[in-house]
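Here is a friendly briefing to read alongside the model. Have the sequence and the 3D view open as you go.

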Amino acid sequence: MNDSRELLLVGIGTMGRPYLDAAARLGLRVRAVESAAVWENRPVDLAERFYRVEGGQDESWALGVSEAVAESRPDGLVAFAEPHVISAALAQDRLGLRGPSLHAAVISRNKALQRATFGAYGVPQPEYLQVPSVAKAREWMLERLPVVVKPLTLAGSEGVELVRTEAAVEDVIARRSGEGAVLVEEAVEGPEYSWEALVRDGEVLFENVTAKETTAPPYFVELCHRVGHVFEPELAQRVTALTRSVLDAIGMRTGLVHLEFKVGARGPVLIEIAVRTPGDYLPDAIGLAYGFDLYEAVLRLSLGLPLDGLVNSRPVSWAATVFPTAGPGTISEISGVPEVLAHPAVVRVRLRKGVGDTVRPLTSSSQRMGHVLINASSPDEREDALAHVHDTLLIHVAQN
């Protein structure tokens, strides 16, 4: 396909590169706004022009996007990660481009705004309190243990912490009182899921449920994602009601949505929502499971191109991403990679750390050591492959 239209991508890094591949297949002209942190490795052969962003804050990205759209108006604009969402939405709103809506983008970037909005719309969510310092929530926490403390704007489980006991309340106050404003929430006990959806003008065109495994409390770092999860009918209806009420509350228009929820004693309860590409290579797993390129679908939505015949509603295989772990220390050996790659359901193994690197206690997703992507012909084969990875890919550490 050849297309004379121009796409502006905000943020690429490593996980966003499939957007560039999809744009090349569609014959699009591409410009990209990219971080100075990965500038030297930017894929210069896949974009006509790059705009360099110094720093990682929302305001830094807004400067790069403003420069790009002032130079020329793109036909479509896609933001990749959390810090890119506001700058992209500002440009989409001003230029009349397709996107999630400025309202949805702003709410998605602040957990306190989410809680206030969803409370007004009656969306099931945890009881919560926003405070200028965690010390201000001492009595509230003590009356409601267990609770979760989380920052207002970070992603990837960073800063999310379960507090179970009175002693833990005093400990978190001592450690985090200088952090500034935080959200303190009722701890919802139950399994965790995410919902990924393609939306056009408020209509859901495609949806997927991902079942999650996380580390034990207090930090909830995600260790495995199984896409294509199916609930029994009554619960599925309640999840559908939850997701549609969230889209209505934020005023979602067009794009990719990533919503996290738990199923507790009250049923499905919203944790948070993002209007950007989910991390952890979930689009890769979703694309394998449903037999279409999710990255290309997002680009098509941004440009107003049809999705007819591209998107499947039911899984055709059973995919997962899993994140190998090890205790803290210095990596002395990594074994089992060739054996894991030889498994018929393993698509790839990518490790971010090697021998001699330091492994720190796992408190956020940014500290994980890499991932394995799996695609199996049945749920049982997927479980066999996950067990094979767990038993075979071993990261040996020496205590520091």
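Ile331 sits opposite Val397 of strand 19, a strand being a DSSP run of E with at least two residues, numbered from the N terminus. This is a predicted model, where local features need pLDDT of at least 70, side-chain atom pairs count only at pLDDT 80 or more, and totals for chains, interfaces and linings use all residues. Residues are numbered from 1 along each chain as its sequence is written, and side-chain values use heavy atoms, leaving out hydrogens and water.

**The sheet**
- Strand 15 (residues 329-335) and strand 19 run antiparallel and are joined by five bridges; two strands pair if DSSP finds at least two bridges between them.

**Two helices** (DSSP runs of H or I, at least four residues)
- Helix 1 (residues 17-26) and helix 10 (residues 294-303) have axes, lines fitted to C-alpha atoms over the stretch in contact, that come within 8 Å and cross at roughly 65 degrees, with angles running from 0 to 180 degrees between N-to-C directions.
- Helix 1 and helix 10 are therefore roughly perpendicular (65 to 115 degrees).
- In their contact (heavy atoms within 4.5 Å), helix 1 uses Pro18, Tyr19, Ala22, Ala23, Arg25 and Leu26, and helix 10 uses Tyr295, Glu296, Val298, Leu299 and Arg300.

**Aromatic pairs**
- There are eight aromatic pairs in the structure, meaning rings of Phe, Tyr and Trp (its six-membered ring) with centres within 6.5 Å.
- The ring centres of Tyr193 and Phe231 are 4.8 Å apart and the planes are at 70 degrees, so this pair is edge-to-face (planes over 60 degrees apart).

Note on methods. Angles under 35 degrees count as roughly parallel, over 145 as roughly antiparallel, 65 to 115 as roughly perpendicular and the rest as oblique. Rings of Phe, Tyr and Trp (its six-membered ring) pair if their centres lie within 6.5 Å; planes under 30 degrees apart count as stacked, over 60 as edge-to-face and the rest as tilted.
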